[in-house]
Amino acid sequence: MWTISIGAIFIICGILLLCREALGRRPLSDPHQSSLSGRTLEPRSQGVRFLGLTRNWLGMGLIAAGAAFLLLVAFT
């Protein structure tokens, strides 16, 4: 029973870390001037850099560890 709880906690913490990395870099309500539409809240060319493994390795590791705990329970 404890392995299921630990696995679920690891997975939830990993997902929260991934969300924090994606949203935590700059304030969402930081207005700036856009060359096309004037004043906007659209982020300045963030791209998909926040999806890289180098910035999200801890969250991915926690999710993998949680999945390993849950697989351990499933096959025993």
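I take buried to mean under 20% relative accessible area, exposed over 50%, and partly exposed in between. The model I am looking at is predicted.

**Entry 1: the aromatic pair**

Next I looked for aromatic pairs and found a count of one. The partners are F10 and F69, in an edge-to-face arrangement. I noted 5.7 Å from centre to centre and 70° between the planes. F10 belongs to helix α1 (residues 2–23) and F69 to helix α2, so the pair ties together parts that lie 59 residues apart in sequence.

**Entry 2: helix α1**

I checked the length of α1. It has 22 residues and reaches 32 Å from its first C-alpha to its last, close to the 32 Å expected at 1.5 Å a residue.

Which residues of α1 are buried? I listed T3, G7, G14 and E21. Viewed down the axis of α1, these buried residues fall within an arc of 60°, so they line one face of the helix. My background note is that an α-helix has 3.6 residues a turn, so residues three or four places apart point the same way. On the other side of α1 I found W2, I12, L16, R20 and L23 exposed.

I looked at C13 separately. C13 is in helix α1, and I class it as partly exposed because its relative accessible area is 34%.

**Entry 3: distances across the sequence**

I took two C-alpha distances. C13 and I63 are 50 residues apart in sequence, and their C-alpha atoms are 7.8 Å apart in space. For A68 and T3, 65 residues apart along the chain, the C-alpha separation is 9.7 Å. T3 is one of the buried residues of α1. A68 sits in helix α2 and is partly exposed, as its relative accessible area is 45%.

**Entry 4: a nonpolar patch**

Finally I looked at the surface. Which residues form a nonpolar patch there? I recorded L53, W57, L58 and M60, with about 470 Å² of accessible area together. I followed up L58, which is found in helix α2 (residues 53–74).

Conventions: Residues numbered from 1 in each chain as written. Predicted model: local features only at pLDDT ≥ 70, side-chain atom pairs only at ≥ 80, totals over all residues. Heavy atoms only, no water. Patch = residues over 30% accessible without salt bridge, like charges linked within 9 Å, V, L, I, M, F, W, Y side chains within 5 Å. Areas by Shrake-Rupley, 256 points an atom, 1.4 Å probe, with all protein chains shown as cover. Salt bridge = Lys/Arg side-chain N within 4 Å of Asp/Glu carboxyl O. Helix = DSSP H or I, 4+ residues; strand = E, 2+ residues; numbered from the N terminus. Phe/Tyr/Trp six-rings, centres within 6.5 Å; stacked < 30°, edge-to-face > 60°. Expected span 1.5 Å × (residues − 1). Buried < 20%, exposed > 50% of the residue type's maximum accessible area, 1.4 Å probe, protein only. Arc of directions from axis to C-beta.
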